Amino acid sequence: MLVDRITERAILISTNQVMKAITYSEYGPPEVLRIEDVPKPVCGNDEVLVRVRAAEATKADCELRRFRFAVNWFWLPLRLALGVRRPRQRVLGGYFAGEVAAVGKAVTGFSVGERVYGATGLRLGTYAAYVALPARGPVAPMPATMDFAEAAAVPLGGLNALHFLSRANIQPGDEVLVNGAGGSIGAHAVQLAKSSGARVTAIDHGRKEAFLRRLGADAFVDYRQTDFAASGQAYDVILSMVAGAPYGRCISALRPGGRYLIANPRLSDMLRTLITNRFTRRRAVVAFAPETRAGLDALRELIEQGKIGPIVDRVEPMEQAAEAHRRVEREERMGAIVLAIEDRLDAG
């Protein structure tokens with residue numbers, strides 16, 4: 001049996017049908033991540049095969065790896081979908097940048113060698129050298145002004161920030177508060193709000209102040225030292241990425257007509273929005289961001305216009321995937337942690 005597996009692996013390598021990937025076969029701490037050879041995906045008729053060059057290591061990746069979430073109301077359906085006892089999809093990663101390696105027979109609009117970026121949703125798979133994706137899905141030409149690592153850090157934060165702030169109807173001069181501004185979504189939201197003419201206040205750990213001011217934040221609040229809701233400052237828009245943020249205190253910090261956007265809602269938050277929207281002059285919004293080609297195209301235009309800049313904290317090799325996850329979980333990052341995805345392992 002062992003000889004057969006070794007022979008099969010040698011045949012796959014010799015015919016270029018394997019690739020290098022970061023995998024995990026059980027739920028647990030960062031140490032469950034490992035690098036191994038896995039079968040290279042085959043490009044379907046309506047798919048594009050992407051040679052992944054960079055993938056963002058996200059909080060969602062970390063939550064899926066250990067299967068523990070800051071918001072738990074979707075735990076059971078997600079567990080049933082992704083694997084009860086162990087992960088069905090052994091390769092994490094939902095956001096990438098790379099090059100088109102092949103296109104299906106029914107695909108138009110993409111060419112081999114084209115630099116693209118995008119998202120894979122629950123298909124995951126971007127912690128690997130290749131990923132096959134539906135050509136009609138959220139994959140698009142990447143910004144010409146960015147390298148692979150910078151572009152890989154855009155889809156998660158950019159699509160979510162663009163979605164929420166489009167619901168906020170920000171006007172020049174509006175006071176906008178971004179709670180949890182130092183992560184991917186928050187960092188993009190700071191830039192988008194600022195480019196809309198708002199005055200932006202960012203909340204996060206004190207070590208992230210310089211980073212967020214560089215992105216355009218006009219004011220900064222260290223949540224360890226100051227309770228923003230007790231300051232007396234009122235806001236037109238509050239966008240919160242922080243699971244468990246105090247709903248009532250956020251609503252009370254809004255001006256009449258203000259909008260509270262909740263990126264990580266608890267079930268109780270979703271119920272309370274109904275009351276807020278029906279009985280008060282403020283509005284609370286819970287709406288999950290769609291991941292679309294149109295959104296990626298819009299982000300590319302904003303980036304190439306200089307309205308969104310890179311947010312990469314550091315780029316790590318695949319061998320440092322566990323450490324990358326640890327940094328994300330400890331919230332030590334200033335923006336995004338990106339994994340540089342290498343090609344398949346040597347035959348030896």
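Helices (H or I, at least four residues) and strands (E, at least two) are DSSP runs, numbered from the N terminus. The structure is a predicted model, in which local features need pLDDT of at least 70 and side-chain atom pairs count only at pLDDT 80 or more, while totals for chains, interfaces and linings use all residues. Residues are numbered from 1 along each chain as its sequence is written, and side-chain values use heavy atoms, with hydrogens and water left out.

Thr120 lies in the loop that joins strand E5 (115-119) to strand E6 (130-134). With a relative accessible area of 6%, Thr120 is buried (buried means under 20% relative accessible area, exposed over 50%, partly exposed in between; 1.4 Å probe, protein chains only). A polar atom of the Thr120 side chain lies 3.1 Å from the backbone oxygen of Leu124. Beyond its neighbours within four places in sequence, Thr120 is in contact (heavy atoms within 4.5 Å) with Gly93, Gly94, Phe96, Thr126, Val131 and Leu133.

Pro39, in strand E2 (residues 34-39), counts as exposed, at 60% relative accessibility. Apart from neighbours within four places in sequence, Pro39 is in contact with Gln17, Val18 and Met19. Pro39 and Tyr130 are 91 residues apart in sequence, and their C-alpha atoms are 9.7 Å apart in space.

Leu165 touches Ile170, Ala189, Leu192, Ala193, Leu239 and Leu261, not counting residues up to four places away in sequence.

The axes of helix H5 (residues 155-168) and helix H10 (residues 293-304) come within 10 Å and cross at roughly 95 degrees (axes are lines fitted to C-alpha atoms, for helices over the stretch in contact, and angles run from 0 to 180 degrees between N-to-C directions). H5 is therefore roughly perpendicular to H10 (65 to 115 degrees). Pro155, Gly158, Leu159 and Leu162 of H5 meet Gly295, Leu296, Ala298, Leu299 and Leu302 of H10.

In helix H11 (residues 321-329), the buried residues include Ala321, His325 and Arg327. The buried residues of H11 pack against strands E1 (18-23), E3 (47-57), E14 (312-317) and E15 (336-340) and against helix H2 (59-66).

Methods: Angles under 35 degrees count as roughly parallel, over 145 as roughly antiparallel, 65 to 115 as roughly perpendicular and the rest as oblique. A polar contact is a pair of N or O atoms within 3.5 Å; within protein, one must be able to donate a hydrogen and the other to accept it, and residues adjacent in sequence count only if both atoms are side-chain atoms.
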